[in-house]
Amino acid sequence: MRWPDEAESAGGGHPCGSVAHHLDDPLASIRFLAHLETLKVAPREQWPALDGALLAEAREAARHLDDTGRRWGWVLYGLGREQHAYALVVRLLADPATRDIGADLAREACHGWRAAPVELLPPLVRLCGQGISPAMAGALTTASISAAAMRAHGALMATIPFTPYPRARRPSGNPPPYDSATAAAALRARPVDTGRLRHAPEIFGALLDTGPLTFRQAAQLYNLTFKRPGRMQAVCAPMWLRHAGPTALARLLALMTPHLGDYGIGEYYSEGLARMGRHAMPALPSLTALIDRRTRIPVNDSTRDGETMLDERLLAAAIDARRAILADAAP
């Protein structure tokens, strides 16, 4: 296909002038992409006409363009046209000739908007028919990543011969039991400026259960908590709160809340806030802002489904943290 290279190189990314001569191209796929590029920068009043042109070209364009639905979804996401994307998916799915385009667009919507799987799983399942095409399987796979969608429509998914997206589970291992003696011995074996410590919550928890930390132990905990962002900081912050008391809370929350949306370590910070319980009430606005996002958190993974799963994990951790904080604060 000659279009993408031309479209991206001409006009410095502003397609209005550069693609106008493609709107009457003999190939429907070229006309479709020209309308799509025009839609990216068109004023709102032109959207209905361009939407109609895209629908008119979609069936023929798909014969020569494998990723019609995916490209369409990218543009609609960039324009923030969430509800239009859902309505368009349903319309495309209803026509067998454009069903795969609708499935690809649905998958792209699920990658972009958190509510998309809940909205789109029912029409996807209803229109599977007797067989599930690769495009439909891809859309169902992506939609099934959503915990909210599976809670709402899991029974419906069970009516078709399809296996939902497998959920990765974090390795679970029981930490060795610590008392004050074994915990103190573990810290003595580590330098004061240590940056890592396995089972830090259990070790410092055992010591704090029996009395205050020694100066050396407190220095170790301080370094673990404040030296650098990461999992260790997140798991040690509740321990420092136990040691230093409420006067340290504002400083700890200032360290923790900026990392809640970090796809590598955000889960640990949410879990740390959950362990702080009612003391973490000032962090609720940050947690709620993450939970209430309509679009997925930008993350970096090798696949779009992997990125969607990372957003789902951050969302689940934030929901659990908010629930734990509110439960601890309740009378």
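Me: Is E267 buried or exposed?
Reply: This is a predicted model. In it, E267 has a relative accessible area of 15%, and because the cut-off for buried is under 20%, E267 counts as buried.

Me: What does the side chain of E267 meet in a salt bridge?
Reply: The partner is R313, with N to O at 2.9 Å. R313 sits in helix α18 (residues 304-329) and E267 in helix α16 (residues 266-276), so the pair links distant parts of the chain, 46 residues apart.

Me: And what is the relative accessibility of R313?
Reply: 34%, which makes R313 partly exposed.

Me: Which residues do salt bridges with shared partners join into one network?
Reply: R114, R296, D311 and E312.

Me: How many salt bridges does the structure hold?
Reply: There are 18. One of them is between the side chains of D51 and R81, at 2.7 Å from N to O.

Me: Where do D51 and R81 lie?
Reply: D51 is in helix α4 (residues 47-61), while R81 is in the loop between α5 (68-78) and α6 (82-94).

Me: What about E60, what does it form a salt bridge with?
Reply: With R63; their closest N and O atoms are 3.4 Å apart. E60 is partly exposed, having a relative accessible area of 33%, and R63 is exposed at 63%.

Me: Changing topic. Which residues of helix α11 are buried?
Reply: In α11 (residues 180-188) they are A183, A184 and L187.

Me: Where do the buried residues fall, seen down the axis of α11?
Reply: They fall within an arc of 100 degrees, so they line one face of the helix. As background, an α-helix has 3.6 residues a turn, so residues three or four places apart point the same way.

Me: What covers the buried residues of α11?
Reply: The cover includes α12 (200-210) and α13 (215-226).

Me: Last one. What does a side-chain oxygen of D179 reach at the start of α11?
Reply: The backbone nitrogen of A181; the oxygen of D179 comes to within 3.1 Å of that atom.

Terms used. Residues are numbered from 1 along each chain as its sequence is written. This is a predicted model: local features need pLDDT of at least 70, side-chain atom pairs count only at pLDDT 80 or more; totals for chains, interfaces and linings use all residues. Side-chain values use heavy atoms; hydrogens and water are left out. A salt bridge is a side-chain nitrogen of Lys or Arg within 4 Å of a carboxyl oxygen of Asp or Glu. Helices (H or I, at least four residues) and strands (E, at least two) are DSSP runs, numbered from the N terminus. Buried means under 20% relative accessible area, exposed over 50%, partly exposed in between (1.4 Å probe, protein chains only). The arc is that of the directions from the helix axis to the C-beta atoms. Contact means heavy atoms within 4.5 Å. A polar contact is a pair of N or O atoms within 3.5 Å; within protein, one must be able to donate a hydrogen and the other to accept it, and residues adjacent in sequence count only if both atoms are side-chain atoms.
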